[in-house]
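Student: I have a structure here that is new to me. Could we go through it and check the terms used for it?

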Amino acid sequence: MNEKLPFVCANCGAGIAVPPQGTMNRNHCPSCLYSLHVDHRIGDRLSVCRGIMEPVGIWVRDNGEWAILHRCRKCGIIRANRIAGDDNALALQILAMRPVSGFSTGAAGLSGAADFITVRGRNL
Ligand SMILES: [Zn+2]
Ligand SMILES: [Zn+2]
């Protein structure tokens, strides 16, 4: 999949246009915030999973930047993705108020997400 091309959201069916200026990776739907598991590592598009990634929470970084935590419905992997400028503000607010205890992947999934966040934090 070429991220520069428009795609259709697998969850709500909204058409997603060419990424707006300043958005590095348009990897989730701006209206429902769902994503697809297409990356093995961020941006490489090498994953063969292709599962629907459900937004499960908001993570606020030390610098105040918000990231969406996505969990793949197929394989259970959890990823943190930067929010984009045109993301649905209301959907983000609702997500931010959801308790993180809603995770159903168990301790392994949570520690996996923590490892990933640590790695990403180091790269900032
Ligand atoms: Zn959508
Ligand atoms: Zn997956």
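Tutor: This is a predicted model. Start with the hairpin of E5 and E6, where five residues lie between the strands and Gly76 takes a positive phi near 85°.

Student: What makes E5 and E6 count as paired strands?

Tutor: Pairing needs at least two bridges. Five bridges join E5 to E6, so the two strands pair, and they run antiparallel. Among these bridges, Ala67 has Arg82 in E6 as its partner.

Student: How do you know that E3 and E4 pair?

Tutor: E3 and E4 (residues 52-60) share two bridges, and the cut-off is at least two, so they pair, in the antiparallel sense. Ser35 stands opposite Met53 in E4.

Student: And how many bridges lie between E4 and E5?

Tutor: Seven, again antiparallel. Ile58 has Ile68 in E5 as its bridge partner. E4 and E5 also form a hairpin, with Gly64 in the turn at a positive phi of about 90°.

Student: Why are E3 and E6 called edge strands?

Tutor: The order in the open sheet is E3-E4-E5-E6. E3 (35-36) and E6 (78-82) each have a single partner strand, so one side of each is left without a neighbour in the sheet.

Student: Why is E5 described as largely enclosed?

Tutor: A residue is buried if 20 or more other C-beta atoms lie within 10 Å of its own. Five of the seven residues of E5 are buried, so the rest of the structure largely encloses this strand.

Student: Which residues make up the largest nonpolar core?

Tutor: There are 11 residues in this core, including Cys29, Tyr34, Ile58 and Ile68. E5 gives the largest share, three residues.

Conventions
Residues are numbered from 1 along each chain as its sequence is written. Chains are lettered from A and ligands numbered from 1 in the order in which they are written. This is a predicted model: local features need pLDDT of at least 70, side-chain atom pairs count only at pLDDT 80 or more; totals for chains, interfaces and linings use all residues. Helices (H or I, at least four residues) and strands (E, at least two) are DSSP runs, numbered from the N terminus. A nonpolar core is a set of buried Ala, Val, Leu, Ile, Met, Phe, Trp, Tyr and Cys residues joined through C-beta atoms within 7 Å. A residue is buried if 20 or more other C-beta atoms lie within 10 Å of its own, exposed if 12 or fewer, and partly exposed in between; C-beta atoms are placed from the backbone.
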